[in-house]
Amino acid sequence: MGSQSMDHRYHIVMLPFMAHGHLTPFLALATQIINRSKFSITIADTPLNVRYLRSTITDHNPHITFAELPFSGPENTENLPPSKIVDLLHSSRNLEQPFRRLLCDITAKEGRPPLCVISDWFFGWASDVAKSIGTFNFTFATGGAYGTLASISMWLHLPHQCTDSAEFAIPGFPERCRFLRSQLNPQVREADGSDPWSRFMLPQISLSLKSHGPPSLSKRSGKEVGLFLEKYLEWLDKQRPESVVYVSFGSQNTIGASRMMKLARGLEKSGKPFVWVVRPPLGFDVKGEFRSEWLPEGFEERMRKTKQGLIVRNWAPQLEILSHKSTAVFLSHCGWNSIMESLSWGVPIVAWPLAAEQAYNSKILSEEMGVSLELTGGNESSVGEDEVKKMVDLEMDGNGKGGKMRTEAFVIKEQIGDAIRMEGQLKGSSVKALDDFFGFVLTRTEELSKSNLFSE
C-alpha cells in the first residue's frame, strides 16, 4: 500500500514507465508538486524500479511514498537489448490489475479516491482505470512537446507507408516540417499497423489521448554524485573555457562497434579535449564490462598520456559536466532529459539521434531553434572519422556556426530560467502552468464532490 497519513488534504498517485528516462522525470515532477502544494504523492512501479527511485532521493520527504506493484519478467529497459524492449512494452499491460487494486485500497482507506492519477503515456489503460474508481487521469509525456506530438502522429497515421517518396509530411504539422524516411528509427520505419510495436503503441496512444491532459515539469532529479564528482571537476578545471566536447548517448542507448571506432578516431583527430561516457556496443550487454578492443589500439593509453580525453565507463555526473565553464558542446543522442540539461546551461548540441522520438527532437533543435547540427542518425547510417572531426570543428568555431549556435543556446538558457522563476507575485510560465494544473484539478474535484461522485 502506498497511502499515508492525511497530513496533506489530497492524494495523487503516479505511474511512470519502467525506464530510467521516465522514472527520473516523474520523481522530479512529484518533488515540484510537493514543493508547490499540500498534496501527498504515491509513486507506483515494479519492485526493481521502486528501489531505484528510493536510491536517488538524498533528502527523505514524508509526503512522497512508493508502492510496489507485483510483476514477473524484466522490470526495466536499462539492461535489455533493443530487440527485447517491445516484449517489455507488451508485458507492462500486466500492471493494470495490481494498479487498480492499489487505487481501490487507497480509496477504501481514505474514504475517497485519489485526487488524480498521473500516468506515463505508455500506460494508456490508466485513463480507464482512473475513471472506473471516480477520479481523473493525466498523461505525462516525459519528452518534449514537438518530439512527443510528432511521435504520436507518426504512430497513429504511419504517413511514410502512404507514399513512395523519401520525404513526407506528418499530419497535424505545418507542411514545411517534412521528414525523411531515413530519419525514422527501424521500429517506426518498418511499422505497418499490425507489427508488434504498432499493436502496442496504437491502443496505448489512443487511450492516453482520452486523459484530461498533460501536467508540466521540469527539473532534474538523479543520482547523488558525492566525492565521485571530484575527478571530473579536477580534469575539467584544467581545460580552457568552452573547449571540451562532452559525449554521451544516455542511459539506454549505445552505438555499433564500427561507429564507436570511427567516433574515437574522429575525436582524437579533432585535437579537442573531450569527456566520453562509453558503454559496450550494440550486440553486447550494455551493462557488461567494457573492453579496450572496442576502441582503436592504444587509444585509451594515448588519451591518458596526452590528457586529451577523459573516458568514463557507463555513467558520469552529466549536469555537473554540462554546467562547467570548460564544456563547449554536447554530442548527444537527443533524449529530452539530456536536451533540457544541455540547454539549461547554454550548451549547443551535436546530434546523433538513435531511437524513440530522438530524430524529431534533433529536427527541432537544428531547424527551428538553431542550437544543433546533426552528425548522423540511427545505428544504420554511416559516419566517418573525418565527419566527426569536421562537425566538432564547426561547433567549436566561435566566429562561425558554432558561435551562432552558442548564442542561440544562451538565449534558450535564459528562457528556461525565466520559465521556472518565481519572485514574489511574478511567476514563470512553468510555475504558472503547474499552478493552473492544481487549480483545474481542485475545481473539478469540488464539482464532483457536489455531484456526490466522491465519498466524503
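Visitor: How is the packing of helix H6 and helix H8 described?
Guide: Helix H6 (residues 145–157) and helix H8 (residues 196–208) pack at about 115 degrees, with their axes 9 Å apart. Axes are lines fitted to C-alpha atoms, for helices over the stretch in contact, and angles run from 0 to 180 degrees between N-to-C directions. Helices are DSSP runs (H or I, at least four residues), and strands are runs of E of at least two. The model is predicted: local features need pLDDT of at least 70, side-chain atom pairs count only at pLDDT 80 or more, and totals for chains, interfaces and linings use all residues. Residues are numbered from 1 along each chain as its sequence is written, and side-chain values use heavy atoms, with hydrogens and water left out.

Visitor: Why is the pair of Phe99 and Trp125 called edge-to-face?
Guide: Rings of Phe, Tyr and Trp (its six-membered ring) pair if their centres lie within 6.5 Å; planes under 30 degrees apart are stacked, over 60 edge-to-face and the rest tilted. Here the centres are 6.1 Å apart and the planes stand at 70 degrees, so the pair is edge-to-face. Phe99 lies in helix H4 and Trp125 in the loop between strand E4 and helix H5, 26 residues apart.

Visitor: What makes Phe99 count as buried?
Guide: Buried means under 20% relative accessible area, exposed over 50%, and partly exposed in between (1.4 Å probe, protein chains only). Phe99 has 0% relative accessibility and therefore counts as buried. Trp125, at 5%, is likewise buried.

Visitor: Why is Glu78 called buried?
Guide: Its relative accessibility is 16%, so Glu78 counts as buried. Glu78 lies in the loop between strand E3 and helix H3.
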